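Student: I have just opened this structure and would like to get to know it through questions. Please take me through it one step at a time.

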Amino acid sequence: MVAIIAIIIIVLLVIWYVASYNGLIRSRTNVQESWSQIDVQLKRRNDLIPNLVSTTKGYANFEQSTLKKVVALRNQLTAVPADDHQQTMEVSNQLSTTLRSLFALSENYPDLKANAQFSQLMEELTNTENKIAYSRQLYNSSVASLTVKIQSFPSNIVAKVHHFQAGEYLQVPEEEKITPKVNFDDFGSDK
């Protein structure tokens, strides 16, 4: 009787161990897959940038320094090691900011703004930026799920034995956390 109970307990422990291990593997794979989604969108954006630059170069008066910065950041992003997620996102954030300035500057150039190819590229880049933002959220959610499994009892025992490590959350750059100052005194005054 004691032998049967011991066998049942051992079988249950093995089932629990295997289930915990497989759950950790699934969570780690979700983190890797969600990073891959970010990577795909960054590649898509990097592929669109040369077309945007060549389209805007035709407008002689257009801000050349902004175009050079876009190209430099794109080149910097492609040179970042694949496993350095934090640096990838830092350069990507800088590129996103520069692209927004490029789009804002286009307002000063009606011919450029009216260019169908430029408009299409702007729309594709905007959609890609939205997909990057969504992919970041998915990545952080996946990291959170893995972290909970790694830190929660009893799966933390299996995680320690197999050296599972939590991923790093993608952080919002400090400059994007600053609340813009709005001065309503500038609006509607007829002085």
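Student: Leaving aside its neighbours within four places in sequence, which residues is Gln 41 in contact with?
Tutor: This is a predicted model, in which local features need pLDDT of at least 70 and side-chain atom pairs count only at pLDDT 80 or more, while totals for chains, interfaces and linings use all residues. Gln 41 lies in helix H1, where helices (H or I, at least four residues) and strands (E, at least two) are DSSP runs numbered from the N terminus. With contact meaning heavy atoms within 4.5 Å, and neighbours within four places left aside, Gln 41 is in contact with Thr 128, Lys 131, Ile 132 and Ser 135.

Student: Is Gln 41 buried or exposed?
Tutor: Residues are numbered from 1 along each chain as its sequence is written, and side-chain values use heavy atoms, with hydrogens and water left out. Buried means under 20% relative accessible area, exposed over 50%, and partly exposed in between (1.4 Å probe, protein chains only). Gln 41 has a relative accessible area of 10%, so Gln 41 is buried.

Student: How many helices and strands does the chain have?
Tutor: Read from the N terminus on, the elements run α-α-α-α-α-α-α. The secondary structure of the chain therefore comes to seven helices and zero strands.

Student: What percentage of the residues of the chain count as buried?
Tutor: Thr 88, found in helix H3, is one example, because its relative accessible area of 6% makes it buried. Thr 56 in helix H1 is another, since 0% relative accessibility counts as buried. Of the 191 residues of the chain, the share that counts as buried is 32%.

Student: Which residues does Thr 88 touch, not counting residues up to four places away in sequence?
Tutor: Helix H3 is where Thr 88 is found. Once residues up to four places away in sequence are set aside, Thr 88 touches Trp 35, Leu 42, Leu 77, Val 80 and Pro 81.

Student: What separates the C-alpha atoms of Thr 56 and Leu 102?
Tutor: Thr 56 belongs to helix H1. Along the chain, Thr 56 and Leu 102 are 46 residues apart. Their C-alpha atoms are separated by 9.7 Å.

Student: What part of the contacts with a separation of 6 or more comes from residues 24 or more positions apart?
Tutor: This question takes the whole chain into view. Among contacts in the chain with a separation of 6 or more, the share from residues 24 or more positions apart is 76%.

Student: How many aromatic pairs are there?
Tutor: Rings of Phe, Tyr and Trp (its six-membered ring) pair if their centres lie within 6.5 Å; planes under 30 degrees apart count as stacked, over 60 as edge-to-face and the rest as tilted. By this rule, the number of aromatic pairs is three.

Student: What is the angle between the planes of Trp 16 and Tyr 17?
Tutor: Trp 16 counts as partly exposed, at 29% relative accessibility, and Tyr 17 counts as partly exposed, at 29% as well. Their rings lie 6.1 Å centre to centre and form an edge-to-face pair, with the angle between the planes at 70°.

Student: How many residues apart in sequence are the parts that the pair of Trp 35 and Tyr 139 ties together?
Tutor: Trp 35 and Tyr 139 form an edge-to-face pair, 5.6 Å centre to centre with 70° between the planes. Trp 35 lies in helix H1 and Tyr 139 in helix H5, so the parts tied together are apart in sequence by 104 residues. Trp 35 counts as buried at 7% relative accessibility, and so does Tyr 139, at 2%. The separation asked for is thus 104 residues.

Student: Which helix gives the most to the lining of the largest pocket?
Tutor: A pocket is an open set of points on a 1 Å grid where a 1.4 Å probe fits, with protein on both sides within 12 Å along at least five of seven lines, and lining residues have an atom within 4 Å of a point. The largest pocket is lined by 16 residues, with Val 31, His 85, Tyr 139, Ala 166 and Gly 167 nearest its centre. Helices H1 (2-57), H3 (85-105) and H5 (116-151) each supply at least two residues of this lining. With four residues, the helix that gives the most is H1.

Student: What is omega near for the peptide bond from Phe 153 to Pro 154?
Tutor: Pro 154 is found in the loop between H5 and helix H6 (155-161). Most peptide bonds are trans. The bond from Phe 153 to Pro 154 is cis, with omega near 5°.
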